There are 2 protein chains.
Amino acid sequence: MAGSGDRPSLFDSMNRMAASPLEVRTLSDRLMEVVRDMILSGAIAPDVPIRQDALAADLNVSKIPLREALVRLEQDGLVVSHANRGFFVRGMSAAEAEEIYELRLKLEPEAAAEACLVADEARQDEARRVLAQLNAAAAGGMPTVGPLNRAFHIALVQPGKRALTTEITTRLHVMADRYVRKHLEHKGRHLTAEAEHQDILQAWLARDAATVRRLVADHLQHTLSDLREEFAQGDGQG
Amino acid sequence: MAGSGDRPSLFDSMNRMAASPLEVRTLSDRLMEVVRDMILSGAIAPDVPIRQDALAADLNVSKIPLREALVRLEQDGLVVSHANRGFFVRGMSAAEAEEIYELRLKLEPEAAAEACLVADEARQDEARRVLAQLNAAAAGGMPTVGPLNRAFHIALVQPGKRALTTEITTRLHVMADRYVRKHLEHKGRHLTAEAEHQDILQAWLARDAATVRRLVADHLQHTLSDLREEFAQGDGQG
DNA sequence: CTGGCTAATTTCGTATACGTTATATGATTA
DNA sequence: TAATCATATAACGTATACGAAATTAGCCAG
């Protein structure tokens, strides 16, 4: 009897956000988010093997749904697996950060611009609401800043109804998140970002596609510039 | 320290066709390709539930690696899963085809153009060799046309050493493959494609980036146009 | 037909076991 | 001592069996 204890532990942190009321989700699906956040937050270090039995025991699950979650994360680019050696958190590199932002710059500005033209009122409300939550979380130094930041950027793209574009954008944002957290969170990056977000939202709500395109590109470019600075400085650090 | 040496790393590449001789792969990894080919070839119809026990029995494996393979394919966009209802082959739509090609047009021409500038001799040989194989397979009506076509397009991008771009391009090509097979394979599309491929390769080998960019874009645009025609005609069919 | 109950099928997760591979440890030899 | 070989331990990947929960299908009353 494994489920008898029912330690609440790690899952509740995830269940709080998103989770539309009547959405059914599988365990491995939720595990993916839990493990993903452990990786993004640095709780699991890169390049060290992820011990499946141990981690599964920690999370009070068996290793089969955990493996499925890890497989998902491998496709998401956060972990790599080597046959018979297991899963490892992917190492980070300046080159990868460059590539991530290069791709985001190619996709996100236009996607957001097109989406703003077709967003209905519900989607507009959602974007507004998410940004408010994000600002509140950032002000309070909450650990949900990362996910909410992602939710905001996605909310700008999603109304475009292009599933693939939205999905790729989401993945790129997840990968970017690691770099932002590691290198930028300790300084006031999200404070400058807050102003940029506000301007973007305003143009987006006004359906000013051209401005949205420009502002989103600028926003990404600024973050990338900050990252470049960080990389140039703390170059050799682990 | 484990990773200090970083040997040449024989096994960092993605799923390639000509497997390097002593590459170790897990069962679920190979299963992914098997099931993927079943989907691409239409052996598994869209929108009908994939019976895990039955399929696993057919393939003489247990359902654990099969589920992992299906999870991979879900991230690849070929199947969808609904909690407690299982996995389904994703339905096809003209809208999705449009989006796939729109994204490919945004990424592939430039990626191929940049890659041709830095491709070493080995990569150039590989591109040449793969195209020869593709032409041979197309001439003989072999079922390997799809994978070889994909291999050729990837060979044009891979030397750019941008892992993410290569990976996304690969996925988009896999998704596109389904549409090409279903709607275009029965007509002589790969015959016109053959000439375009030849021109692309020539410019690519000559490191003529601008021409590569243009020709790849044209090539994709032609295929998309053909697809549009097909959709416009056989509109209401399955 | 509609709505709801029951039964059957299937997925999802757990527990357990086992072969194979990798890694660490210790012994042997040059 | 250093390098190589051999052994032991640990971990991964897969198979099997079982149970619980959910979905689907069938049936029946109104």
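Among the 19 residues around DNA strand D, those that come nearest are A:Q52, A:G86, B:T26, B:L27 and B:S62, where a residue is near a strand if its C-beta atom, placed from the backbone, lies within 6 Å of it. The model is predicted, so that local features need pLDDT of at least 70 and side-chain atom pairs count only at pLDDT 80 or more, while totals for chains, interfaces and linings use all residues. Residues are numbered from 1 along each chain as its sequence is written, and chains are lettered from A and ligands numbered from 1 in the order in which they are written.

**Surface near DNA strand D**
- At least two residues of this surface are supplied by each of β1 (49-50) and α3 (52-58) of chain A and α1 (27-40) and α3 (63-75) of chain B; helices (H or I, at least four residues) and strands (E, at least two) are DSSP runs, numbered from the N terminus.
- By class, the surface near DNA strand D holds 8 nonpolar, 8 polar and 3 charged residues, with Ala, Val, Leu, Ile, Met, Phe, Trp, Tyr, Cys and Pro counted as nonpolar, Asp, Glu, Lys and Arg as charged, and the others, Gly among them, as polar.

**Relation and contact of the two chains**
- In the interface, 22 residues of chain B are in contact with 22 residues of chain A, a contact requiring that the C-beta atoms of two residues, placed from the backbone, lie within 7 Å.
- On the side of chain B that touches chain A, the elements giving two or more residues are α3, α4 (94-118) and α7 (163-184) of chain B, and α3(B) gives the most, with 6 residues.
- That side of chain B comprises 10 nonpolar, 5 polar and 7 charged residues.

**Fold and domains of chain A**
- Chain A has 10 helices and 3 strands, and from the N terminus on its elements run α-α-β-α-α-β-β-α-α-α-α-α-α.
- Domain 1 (11-89) and domain 2 (94-233) are given for chain A by the domain assignment, with bounds that come from an automatic or database assignment.
- The C-alpha centres of domain 1 and domain 2 of chain A lie 24 Å apart, and the contact takes 5 residues from domain 1 and 10 residues from domain 2.

- Of the 238 residues in chain A, 37% are buried; a residue is buried if 20 or more other C-beta atoms, placed from the backbone, lie within 10 Å of its own, exposed if 12 or fewer, and partly exposed in between.
- Leaving aside neighbours within four places in sequence, A:W204 is in contact with A:A112, A:C116, A:A127, A:L156 and A:V212.

**Residue A:L27**
- A:L27 has its place in helix α2 (residues 27-40) of chain A and counts as partly exposed because it has 17 C-beta neighbours inside 10 Å.
- Leaving aside neighbours within four places in sequence, A:L27 is in contact with A:V61 and A:P65.
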